[in-house]
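Please examine the structure shown below.

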Amino acid sequence: MSKEPMSHLKAVYFLRPTPENIQLMRRQLATPRFGEYHLFFSNMLKDTQLHNLADSDEHEVVQQVQEFYADFVAVDPYHFTFNIASNHMYMLPAVVDPSGLQHLCDRVVDGIAAIFLALKRRPIIRYSRTSDIAKRIAQEASLSCPLTLQKLMYQQESGLFDFRRSEVSPLLLIVDRRDDPVTPLLNQWTYQAMVHELIGIKDNKVDLRNIGKSSKDQQEVVLSSEQDAFFKANMYENFGDIGMNIKKMVDDFQQVAKSNQNIQTIEMSRIVEERKLMLVSQTEQELACNGGQGAAFEVVCVEVRVGVAGTGLDPYPAVTNLLNNENVSDIDRLRLVMLYALRYEKESPVQLMQLFNKLASRSPKYKPGDSNMGFTSDIGFILHMRVENVYTQHQPLLSQTMESIVKGRLRDVDYPYVGNHFQQARPQDVIIFIVGGTTYEEARSVSLQNATNSGIRFILGGSAVLNSKRCKLAVSRILHSSGAGDILGQNCTEA
């Protein structure tokens, strides 16, 4: 980029108020390239940062400095994320206290603060009692996390959050991804979640360069409910319905255009067939049910739907058959054994070990090492990420949490209040923040819950948006940080 002076131009900067950005801005102001600088920050500026900028503005080129509270990515109307690259750090065991945790805690506190400053509300705060990281972020200052939401909203910046509104205060509920590790591990069968699982969505954009043959202008496409009417109408529809709706849309277009051209649609169908995802997902759904008696997922073919619905498959033979299936990928084999371990750790330890051995024989990269810190370490870590009874329904644990809030049955002993600030009446707005990341399946649950008109509007947020690849990569990085070696990383990429 050219650095020649352009004093005839006005520059507009939109920045996060990080120490790095402030330092870079000071260098710009010391030798300004532009005639005017208009600075907008996505969150609160510290007084020291403002003074440092003023000291550097010797040429008096700064015309305005404003705070525009947008320190988050609004994925959908009821779903936001912070896109934190080191998201796996939030899922480290409590005994591991890395030096970078302070920065990560501060990032969540700052982001949540921006959400409520944008909403012009100060919330009542509750958190999951079993989560150390949720407690740290909410109220318990420590050497690694000195800044908390309670301290920021009710002490340091109390005046900024005092909007003097008469409505009932919104509820902020901070929960932990480790309370429900199964949801990001499952294959997805609704449009938005399926695209993220099979291809990947980042900032509402889908990279198609490695998916089939795409024209140059279609190598990256925007997938946003705010800009795409078809996506908005179908983002929560199941795979079978999507196929029919796409065909109808193409037929309508060809009729209007009076053309018989072959319009190429996204190649999700090919991926589903190649990886035998219908068979894999059927077994996953059975594993995620209590006793393997849950209703089968909906699939695109009527024959398949009739053949599997309500069969109550014995999960061990089904998993074994899929491990032996040459068309099932290594990553899907690993996912199945993880889910089996989560569900049947106590009931079937012998069969679980047999599955470990079967996986190792089919996928050499998952053979346990001489130090016994191989694949079984991954499974062992996953087993201790969860609480009991998370697999009683196909729905995410979040659905049960929202139902408890609507019915006024969210227990104080499980989700204590922060400080002396209690909910005096039923909240009209509830923001649920998942430390460790959200999924599009959970975002769908929030949207469906809001559609019931219960009188409560739910908003979901998280440190990242997960799919199964990113979840397994996080586990790999956690084990690597804990000295257990990088087992999954060789087969997972950031999605």
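Lys407 is partly exposed, with a relative accessible area of 46%; here buried means under 20% relative accessible area, exposed over 50%, and partly exposed in between, computed with a 1.4 Å probe on protein chains only. The model is a predicted one, in which local features need pLDDT of at least 70 and side-chain atom pairs count only at pLDDT 80 or more, whereas totals for chains, interfaces and linings use all residues. Residues are numbered from 1 along each chain as its sequence is written, and side-chain values use heavy atoms, with hydrogens and water left out.

The partner of Lys407 is Glu403, with which Lys407 forms a salt bridge whose closest N and O atoms are 2.8 Å apart. A salt bridge is defined as a side-chain nitrogen of Lys or Arg within 4 Å of a carboxyl oxygen of Asp or Glu. Glu403 is likewise partly exposed, its relative accessible area being 39%. Elsewhere, salt bridges with shared partners join Arg16, Asp71 and Arg107 into one network. The count by this rule comes to 12 salt bridges.

The side chains of Asp429 and Arg121 meet in a salt bridge at 3.7 Å, N to O. Asp429 belongs to strand β11 (residues 429-435) and Arg121 to the loop between α3 (101-119) and β6, so this pair ties together parts that are 308 residues apart in sequence. Helices (H or I, at least four residues) and strands (E, at least two) are DSSP runs, numbered from the N terminus. Asp429 and Arg121 are both buried.

In the other pair, the side chains of Asp412 and Arg126 meet in a salt bridge at 3.1 Å, N to O. Asp412 lies in the loop between α16 and β11, and Arg126 in strand β6, so parts that are 286 residues apart in sequence are tied together. Asp412 is partly exposed, with a relative accessible area of 47%, whereas Arg126 is buried, at 5%.

Is Ser128 buried or exposed? Its relative accessible area is 3%, so Ser128 is buried. With neighbours within four places in sequence left aside, Ser128 is in contact with Ala134, Ile174, Val175, Asp179, Asp414 and Tyr415, where contact means heavy atoms within 4.5 Å.

Two packed helices are described by the angle between their axes and the distance between the axes. Axes are lines fitted to C-alpha atoms, for helices over the stretch in contact, and angles run from 0 to 180 degrees between N-to-C directions. Helix α16 (residues 397-406) packs with helix α17 (residues 440-450) at an angle of about 30°, the axes being 9 Å apart. This angle makes α16 roughly parallel to α17; angles under 35 degrees count as roughly parallel, over 145 as roughly antiparallel, 65 to 115 as roughly perpendicular and the rest as oblique. Leu398, Ser399, Met402 and Val406 of α16 make the contact with Glu442, Ser445, Val446 and Gln449 of α17.

Helix α1 (residues 19-30) and helix α2 (residues 47-56) pack at an angle of about 15°, with axes 8 Å apart. That makes α1 roughly parallel to α2. On the α1 side, the contact is made by Pro19, Ile22, Met25, Arg26, Leu29 and Ala30, and on the α2 side by Gln49, Asn52, Leu53 and Ser56.
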